[in-house]
Amino acid sequence: MSSSPLSKKRRLSGTETKTESHSSSSNSVKTELSHTPANGMAKNGNDSEIDEGLYSRQLYVLGHDAMKRMQNSNVLISGMRGLGVEIAKNVILGGVKSVVVHDQGVAEWRDLSSQFYLREADLGKNRAEVSQPRLAELNSYVPVVAYTGSLTNDYLTQFEVVVLTNSPLEEQLQVGEYCHSKGVMLVIADTRGLFGQLFCDFGEDMVVFDTNGEQPLSAMISMITKDAAAVVTCLDEARHGFESGDCVTFTEVQGMTELNGCQPVEIKVLGPYTFSICDTTGFSDYVRGGIVSQVKMPKKISFKSLPSSMVEPELMITDFAKFDRPGQLHVAYQAVHAYQKKHSRLPKPWCQADADEMVALAKEVNSSLTGSAKVEQLDEALIKKVAFVAAGDLAPVNAFIGGLAAQEVMKACTGKFMPVMQWLYFDALECLAQEEDGVLLSEEECAPRNSRYDGQIAVFGTKLQDKLAKQRYFLVGAGAIGCELMKNFAMMGLASKGGGEVIVTDMDTIEKSNLNRQFLFRPWDVTKMKSETAAAAVKQMNPSFNITGHQNRVGPDTERVYDDDFFESLHGVTNALDNVDARMYMDRRCVYYRKPLLESGTLGTKGNVQVVIPFLTESYSSSQDPPEKSIPICTLKNFPNAIEHTLQWARDEFEGLYKQPSENAMQYLTDPKFMERTLKLPGAQPLEVLEAVYKTLVTDCPHSWTDCVTWARSHWQCQYSNNIRQLLHNFPPEQLTSSGAPFWSGPKRCPHHLEFSTDNELHMDYVMAGANLYALTYGLPGSKDRVALAKILQEINIPVFTPRSGVKIHVSDQELQSSHASVDDSRLEELKTLLPNLESSSKFKLIAIEFEKDDDTNFHMDFIVAASNLRAENYDIPPADRHKSKLIAGKIIPAIATTTGSVVGLVCLELIKIVQGHKKLESFKNGFMNLALPFFAFSEPIAAPSHKYYENDWTLWDRFEVKGMQANGEEMTLRQFLDHFKNEHKLEITMLSQGVSMLYSFFMPAAKLKERLELPMTEIVTKVSKKKLGKHVKALVFELCCNDLSDEDVEVPYVRYTIR
């Protein structure tokens, strides 16, 4: 485990200069705000470049322009309880110019249930001052200052955005009025137990530059009419995806050239492939071609100030099943403030008298309201519940509202995405124990007892706290979602005593780009193991949290570690994974062991949560997303029309030049069976593989840096000049198809060849990267000297190329599949003799290069960008910069801390329901959100689909249990197994399999069947699968095909066959 992070952090962070943090005069803080971080990283502001290594994944969500605007914003966050610190964490990770954390209160016991930067030793100290050094470490580009004075008007003017949490209504109204008049953006966030509130006021003339964060769409055109409202028809390859009201512009239109580069025109959608535009009657006639592209237009929106929005609220709905809740909660929150003002305290947890008084106050508030804020009928039961839990402080609710609030701060700074207009209310009342018998929690059970979980006990009582402490959970993944889960687990007191434990596994090490959202890691943790580092960091937050870090990948290979005993001891599993295969695997394990599974994922500002409950819900694998569309091979090879095509082509080039050949050649030299395997491959593959090995080891084998440069220069010539000239020889620019239409039209762009020049930066980039990678595969030294490279290139002689006749180029994938390449057997025999003998293998040491996108010194992305953009130039496709190329070629998932925090908040609310033992489908909530829109959808999970054989209903959670060992100590034979199903279940087994092994089928040859019928089941399994059963295997899974008594095929559950 790593040493205690805090002692090290204190020395490194250099933010211990607290001299002015008490001062309330605004100018002293201004000087404090502009200081440079001690680690020498540049400060934010206009003069700084964005650190793409750190912000890479977030840049793909926000873009460079929004990120630059964010780097010019100073943010004040008032209130450093659980919600405030959550917002501060996300905003600091995001990378604003500076953050001031403000609080005049001191740390109390109840804060510790969600304020992860307060320790027990900090009780009685100012919350902002204690949190400041810990927050400052999150991002060395963002100076963080603590302020403990009062929020005077004069003080507020230095900020672009002000966030109030844990703030009385009087202060909210006064600050709200002032900020609105001075153009300071305001976010108010508040959580009370299971309830959350969010309010935004970004002024009367806020400009939103991008309302949804989606990539602008584009489509290819097949026709434009001459009309008062001209109709544009797109190629029917794919729907255009536009909506009425979108604005578009045109390029590459032939004939009606007036449209090219026109000002954005508004469209009206007529159908999936058609839409109408402006009047084109005065334009030239349309001939062919053209691309239409969506243009994002800035949108102006206006906000009301807090005082006027209180009486005429615009309420956003987060859950359509609770349509009338926001209006009720708008009144309830005012009643909480009134109660607090009157008694200088909140209603006591689960105290009936206090709740009754609050209902009375809510009635007063409601009757005094005018306008739309007044509700017709107060929901008294709801108001009471607000009173019962108002003193509570829950980490999951703070995480959810904190993520939303931080995203709103970023919207205010950048104009990127649509803000919340203007109120958002949230509740998670389903978490409360189900009151079948009307039993409520008692006041005594929820009273504070000077424990770090007081904030949670106030809502759920001590019984749930004890249950949480004893849970054993398996957390798969310690990345962004994993870090947030561990923090919430620690705050909630999960696995904090008596047999409770969280086991977290992740085989990854920490990289710089992780630091932007995986907030348990620091710059000095880079290259360490994620699981161990994260476990050590959360132990600092709650020393009684029992957590163990593993470095195992989950899968069939680790089933001897995560075996029956391991899974049977668990209470549940939480996935924090980044790929579907591992999710499906964990889902299968949870179904088999009948354990609850909490599943979540994010993509930029989108997030989802799915809860899987044994015998109640469907499983993760029950529904699947449609597969991603792949690019046709012929499009990649000869007819690209988008930068995605050239980037995929460049990735294929990388694999085909620097990975595959070395792998095959080394296998040829070291694996005696390689030749035998290769010759068994279908079609022309044996010849292709052996030709490639021969090239790698003989004809193309370099001996010096000059040889590598010569190879890269020749390859450039082949790909960007010769091959293109050959293609145009086969299909000249003016070629017509059999129907008389131009061949080069629609999605086929007519290319042109390039001429090499040492003065062209891109040409030089290609040869430099290509030659260095080639040198690396042969273990030769490379070079970064461009001047010397140009000298070598001038000496190289490139043979003149003449296109050949009779070269076949496939126009479509169908044509490619139906063609059968003839195999030249004599060449195959010749190659066998030409290849070097295996004795000479010692002189070759080839390296197969694995593509790594995040290292800017390894030439990988240099090669991809140059190879893709050169090909784009061949086909007149607009090039992509390195940043965009890396996203597409590296298949990077955009990510931002705000979404992760919110999603994990929802996951932990579901965890509370599971631990409480909720049994009703409707208590659980699957959630989907898109913070950019903002949009939220909650639904009850889908019930497990039910099947039937005879009168037996069953779901995916059911199975046949068969004990392999019989009373006489002998194991069941196949015959006995078949008989068992005939006699016990009236089922005739027609086929029986285990994994991919077929153990029995009714059409088996008689001799084979006779032999198998008398063998024990495990013996058949080892015989057919050719694998021994490990000692950890207690049971086997058999799949059955069965007929019932009437010889009808019936679907039945699987069999769990116990052997130990």
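**Remarks on the predicted model**

1. Cys-634 is buried, with a relative accessible area of 3% (buried means under 20%, exposed over 50%, partly exposed in between, with a 1.4 Å probe and protein chains only). Cys-634 belongs to helix H19 (residues 633-637); helices (H or I, at least four residues) and strands (E, at least two) are DSSP runs, numbered from the N terminus. The unreviewed UniProt entry lists Cys-634 under "active site"; such annotations may be inferred rather than shown by experiment. Apart from neighbours within four places in sequence, Cys-634 is in contact with Phe-639, His-810, Val-811, Ser-812, Asp-813 and Leu-816 (contact means heavy atoms within 4.5 Å).

2. On the basis of the coordinates: this is a predicted model, in which local features need pLDDT of at least 70 and side-chain atom pairs count only at pLDDT 80 or more, while totals for chains, interfaces and linings use all residues. Residues are numbered from 1 along each chain as its sequence is written, and side-chain values use heavy atoms, with hydrogens and water left out.

3. The whole structure contains 57 salt bridges, each being a side-chain nitrogen of Lys or Arg within 4 Å of a carboxyl oxygen of Asp or Glu. One of them joins Glu-86 to Lys-487, with the closest N and O atoms 2.9 Å apart. Since Glu-86 lies in helix H5 (residues 82-94) and Lys-487 in helix H15 (residues 480-492), the pair ties together parts that are 401 residues apart in sequence. Both Glu-86 and Lys-487 are buried.

4. Glu-252 forms a salt bridge with Arg-749, the closest N and O atoms lying 2.7 Å apart. Glu-252 is in the loop between strand E10 (247-251) and strand E11 (265-266), and Arg-749 in the loop between helix H24 (705-730) and helix H25 (761-777), so parts 497 residues apart in sequence are tied together. Glu-252 is partly exposed at 38% relative accessibility, whereas Arg-749 is buried at 12%.

5. Within helix H20 (residues 643-658), Glu-655 and Arg-651 are four residues apart and thus separated by about one helical turn. Their salt bridge has its closest N and O atoms 2.9 Å apart.

6. A nonpolar surface patch consists of Phe-320, Phe-323, Phe-928, Leu-933 and Phe-935, with about 510 Å² of accessible area together (Shrake-Rupley method, 1.4 Å probe, only the protein chains shown counting as cover). Patch residues have over 30% relative accessible area and no salt bridge; like charges are joined within 9 Å, and nonpolar side chains (Val, Leu, Ile, Met, Phe, Trp, Tyr) within 5 Å. Leu-933 sits in the loop between strand E24 (926-930) and strand E25 (935-939).
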